[in-house]
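Take a walk through this chain, from its overall dimensions down to single residues. Keep the model open as you read.

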Amino acid sequence: MTAAPDGLPPLAALETARLDWQRDDTGEEAPRSAAFDDVYFSRHDGRAETEHVFLGGNRLPQRFADWQARRPFVIGETGFGTGLNMLVAWACFDAHAPAQARLHLVSTEKFPLSREDLASARWASWPDLAHRAEALLAQWPEPVAGVHRLWLDPRVTLDLHFGDAAERLALLDGRVDAWFLDGFAPAKNPQMWQPELFAAMAARSRPGTTFATFTCAGVVKRGLAAAGFAWRKVPGFGRKREMLAGDITSPPEDPRRTRAPWFTPPAARPPRHVAVIGAGIAGASVAAALSRRGIEVTLIDRFDRATLGETHLQGALYVKLAVETNLQSRVYLAGLLHSRRWLAWLDPDQRLWRPSGVLQLALSEKEQARQARFLAGHPLPESVVRGLDAEAASAVAGVRVTAPALDYPNAAWVRPLELCVRLAASPGVRFRQGEVRALQAEDDGWALTLADGERLAADQVVVAGASEAAAFAQTAGLPLQPVRGQVSQLALPEGAPALERVVCAGGYVPPAADGVLNFGATFGPGETDPTEREADHAANLAELARGLPDFVAVLRAAGADLAPERLTGRVGVRAASPDKSPYAGPVPDAEAWREDYAVLAKDATRVPDVSGRHHAGLWISSAHGSRGLASAPLCAELIASRICDEPLPLEQPLADHLHPGRRLIRDIIQGK
């Protein structure tokens, strides 16, 4: 399978590493790659080698001790392997860095270890690494190409970029302070040590970025020099007499931005105080993401969700992926995997969610054919998505299912309001009930005018409402459509059947929580009426019976009152964009874009050499529609990473796809 025109790889499972276990010089078993016939670390003393080559070669103990920047120190690595290098760097950071410093690790890996093999690495030999390895194992991602963000520690973040090293670094949106140029030896793995790898490293470096590598091979020296790195030979470790270290003084300009300069991000200005407008899942997850980075947040909403009482509301963490892979599907798959790790890290006791999995029923021949084409074209791990016939689907659902389905074992259901309350209670987040009516740029930040006339000040602002997110002068050009949805709720009688999976078709129904069954939801584009409708309860009942007729029959037999007029429910108004993907990023200055890029209306190939102008310090996370649990947490990390000058948790083409200005540039090109 070849990469798509956007440079992204196919949606498919990666081949995991095949290991041989051989005894090292201490008599303990150490991993060796069967495919490359090479060791993952020195058989003499792997940790000592890492400390000599990568920590010493990059002068990290001293650089960590001197680090005062508000952004994190970023280490990039080619070849994660067992994770030894990154765990040792983390330990070094803890030993030397100031308390307020943060560390961001970025590592590529084409053949990730299985969770079982990773657990078998000899962490017991290094007790101070063992607990760090446990944090890594707890969040170890599925073997799917892409970016997988892990939160190892309040101060340490790891982005695993699964795939070919040169390919992954070419897609990286972020810059690095020190490189660990690792991987199997050039003679064993020549495919990695190519000019494209060194060029990508150079383009993702800051002025003065350093590197270190165990090898002195000629292909490496030539490749580094051609990319602009200065190298020098220094004493090697153990039996290796020499190794390379060096730096790059003047990294090249990133050539990717010449093709779409409008997506050039604004200069990073890490703030001390950010106002977030909207305390739903989009705003609450942004507030929590910023608070983890030590930023003070004022979270503003018309409603105080902490006073809503018992709601019993459940949301489904699910996605529906396209047969023909597109950028939207890539974003949502990344979001599904991200949210699943994030929830397990945030709430390991599962008080706010359950890893129930999701069944996506194929109730028509057309949908069955679509699902079959999807499975044939996207050989993803079965732990991510698999096809089940009706009998197998019934077995995992816990009730009889009459249609085949796609099963997402890693999906879940969530208590959304309780989750938002939890996020809003993050340290450093202050809730302010009120309605923001206007935003005004000031010399030193933003002024927010509330409905009661009060004015608040903030360094930067994130707009994270639904359709009302376009109510400000600066965001008015973003097309947002309100979508009304009504969920029905049924108090279950004793003896009612129990679902084990979230089941989706035209609607969704999760396993009951606290004796209450949620099902729905209606879909009303352009509607904003907040009142419950009996007709919508009837529509939800009809959809439930269409998807799970046997389940409904057993509910009736158990004495459930399924009369629409007796049901309760909740109404929500979400927002959607015209292309059904969220907006996540800096808010463009629409008038400046129309002026700067007007020539595109005459000739779309005449791309002006002008970076996109944005409203400085103004961001948006909106248009999450009905799949906000799969998109909002990832978009929150994207925005927080951009604000804090960190590598992004998505590849650059996907970050560009989420950019709020994408529709604006499309309309300019089409002359609208």
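**From surface to single residues**

The chain exposes about 26500 Å², and carbon and sulfur atoms supply 50% of that area. Accessible areas here come from the Shrake-Rupley method with a 1.4 Å probe; for residues, only the protein chains shown count as cover. This is a predicted model, in which local features need pLDDT of at least 70 and side-chain atom pairs count only at pLDDT 80 or more, while totals for chains, interfaces and linings use all residues. Residues are numbered from 1 along each chain as its sequence is written, and side-chain values use heavy atoms, with hydrogens and water left out.

Start with the whole chain. Its C-alpha atoms fill a box of roughly 80 × 60 × 50 Å, taken along the principal axes. The radius of gyration is 26 Å, which agrees with the value near 26 Å for a compact globule of 672 residues. That radius is taken over C-alpha atoms, and the globule rule is 2.2 Å times the number of residues to the power 0.38. Of the 672 residues, 58% are buried. Buried means under 20% relative accessible area, exposed means over 50%, and partly exposed lies in between (1.4 Å probe, protein chains only). Contacts (heavy atoms within 4.5 Å) can also be sorted by sequence separation. Among those with a separation of 6 or more, 74% join residues 24 or more positions apart.

The chain holds 19 helices and 32 strands. Both are DSSP runs numbered from the N terminus: helices are H or I with at least four residues, strands are E with at least two. Two strands pair if DSSP finds at least two bridges between them.

Turn to a sheet of 5 strands. It is open, with mixed pairing, and its order is β17-β18-β16-β26-β27. β17 (386–388) and β27 (508–509) stand at the edges with a single partner strand each, so one side of each has no neighbour in the sheet. Helix α12 (residues 390–397) packs on this sheet and touches β16 (358–361), β17 and β18 (405–408). The direction of α12 makes about 105 degrees with that of β17. Such angles run from 0 to 180 degrees between N-to-C directions, and axes are lines fitted to C-alpha atoms, for helices over the stretch in contact. At the other end of the strand order, β26 (residues 502–504) pairs with β27 in the antiparallel sense over 2 bridges. There, Cys-504 stands opposite Tyr-508 in β27.

A second open sheet has 3 strands in the order β21-β22-β23, with antiparallel pairing. Its edge strands are β21 (436–442) and β23 (455–458), each pairing on one side only. Neighbouring strands are turned by 25 degrees against each other on average, direction ignored. β21 and β22 form a hairpin with 2 residues between them. Antiparallel β21 and β22 (residues 445–450) are joined by 6 bridges. Leu-439 stands opposite Leu-448 in β22, and Ala-441 stands opposite Trp-446 in β22.

Now look at β31 (residues 583–588). 6 of its 6 residues are buried, so β31 is largely enclosed by the rest of the structure. It runs antiparallel to β32 (residues 614–622), with 5 bridges joining the two. Pro-586 faces Trp-619 of β32 across this pairing.

Next comes a helix pair. α14 (residues 534–547) and α15 (residues 549–557) pack at an angle of about 115 degrees, with axes 5 Å apart. Leu-544, Ala-545, Arg-546 and Gly-547 in α14 meet Pro-549, Phe-551 and Val-552 in α15. These residues divide into 5 nonpolar, 1 polar and 1 charged. In that count, Ala, Val, Leu, Ile, Met, Phe, Trp, Tyr, Cys and Pro are nonpolar, Asp, Glu, Lys and Arg are charged, and the others, Gly among them, are polar.

Two single residues close the walk. Gln-486 is found in strand β25 (residues 481–491). It counts as buried because its relative accessibility is 0%. Gln-486 touches a set of residues beyond four places away in sequence, among them Thr-522, Arg-533, Asn-540 and Arg-570. Asp-536 is another of its contacts. The C-alpha atoms of Gln-486 and Asp-536 are separated by 6.7 Å, although the two residues are 50 residues apart along the chain.

His-338 is found in helix α10 (residues 327–346). At 2% relative accessibility, His-338 counts as buried. Leaving aside neighbours within four places in sequence, His-338 is in contact with Arg-149, Trp-151, Pro-633, Leu-634 and Glu-637.
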